[in-house]
Amino acid sequence: MKKQIIILNGTGGSGKDTFINLCSKYASCMSISSVDKVYEAASLMGWTGTKTDKDRKFLADLKDLSTAYNDMPFEEIKKKIEGFEKSNYDVLFVKLREPEEIKRLALLYDVKTVLIKRKDHKIITSNRADAKVENYNYDYVIENNSLSKLDCIAKKLIDEVLK
């Protein structure tokens, strides 16, 4: 079976983790986030794991700083992709917000890009990363309207990308 990297984006609460869990019913999936290491650093600075607007801005700013300093978030993604390529997983979901970072990754790897939208959920604009979620031309745009529909879409997507 073919391996596939899927860049997954969507505003907070749109259903990204739910979608990954549903996809895991149909293929062997792993998931990483471009802010995994940023979360670790933020925790050392007193961040408690909450996602208020203030927290989201802090995390986005910290990611921007670490990107400018040594490109650590992007380099960590590349390391995780190397591990995925040697693994038994079929699909790697990379949760990544910034359009410029999505473009960089798409230039290096064969990726599919997915945006999950949820009409009944407020778009977060308190930070640059969340505010620009829709500023990319995604391969797939998914409307998360119900769990059963999202499950059908997950199955269809996995079937398409792993052909």
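The model is predicted, so local features need pLDDT of at least 70 and side-chain atom pairs count only at pLDDT 80 or more, while totals for chains, interfaces and linings use all residues. Residues are numbered from 1 along each chain as its sequence is written, and side-chain values use heavy atoms, with hydrogens and water left out. Helices (H or I, at least four residues) and strands (E, at least two) are DSSP runs, numbered from the N terminus.

Helix H1 (residues 16-23) packs against helix H7 (residues 147-161) at an angle of about 60°, and their axes are 9 Å apart. Axes are lines fitted to C-alpha atoms, for helices over the stretch in contact, and angles run from 0 to 180 degrees between N-to-C directions. H1 and H7 are therefore oblique to each other; angles under 35 degrees count as roughly parallel, over 145 as roughly antiparallel, 65 to 115 as roughly perpendicular and the rest as oblique. The crossing of H1 with H7 is right-handed, a crossing being left-handed if the near helix is turned anticlockwise from the far one by less than a right angle, and right-handed if clockwise. On the H1 side the contact (heavy atoms within 4.5 Å) is made by Thr18, Phe19, Leu22 and Cys23, and on the H7 side by Leu147, Leu150, Asp151, Ile153, Ala154, Leu157 and Ile158. By class, the residues of this contact of H1 with H7 are nine nonpolar, one polar and one charged. Here Ala, Val, Leu, Ile, Met, Phe, Trp, Tyr, Cys and Pro count as nonpolar, Asp, Glu, Lys and Arg as charged, and the others, Gly among them, as polar.

The axes of H2 and H3 come within 10 Å and cross at roughly 110°. That makes H2 roughly perpendicular to H3. The crossing of H2 and H3 is right-handed. From H2, Val38, Tyr39, Ala41 and Ala42 meet Phe58, Leu59, Leu62, Lys63 and Ser66 of H3. The contact of H2 with H3 has seven nonpolar residues, one polar and one charged.

Helix H4 (residues 72-85) and helix H5 (residues 99-108) have axes that come within 12 Å and cross at roughly 35°, again in a right-handed crossing. Phe74, Ile77, Lys78 and Ile81 in H4 meet Glu101, Arg104, Leu105 and Leu108 in H5. Their contact divides into five nonpolar, no polar and three charged residues.

Tyr136 lies in the loop between H6 and strand E5 (140-143). Its C-alpha atom is separated by 5.7 Å from that of Pro99, 37 residues apart along the chain. Leaving out residues up to four places away in sequence, Tyr136 touches Pro99, Ile102, Lys103, Ala106 and Thr113.

The volume of the largest pocket is about 450 Å³; grid points are joined across faces, edges and corners, and a volume is the space filled by probe spheres set on the points. H1, helix H2 (36-44), helix H3 (53-70) and helix H6 (128-131) each supply at least two residues of its lining, and H3 gives the most, with four residues. The lining comprises six nonpolar, eight polar and ten charged residues.

The second largest pocket has a volume of about 190 Å³.

Note on methods
On a 1 Å grid over the protein atoms alone, a cavity is a set of points where a 1.4 Å probe fits but cannot get out, and a pocket is an open set with protein on both sides within 12 Å along at least five of seven lines; lining residues have an atom within 4 Å of a point.
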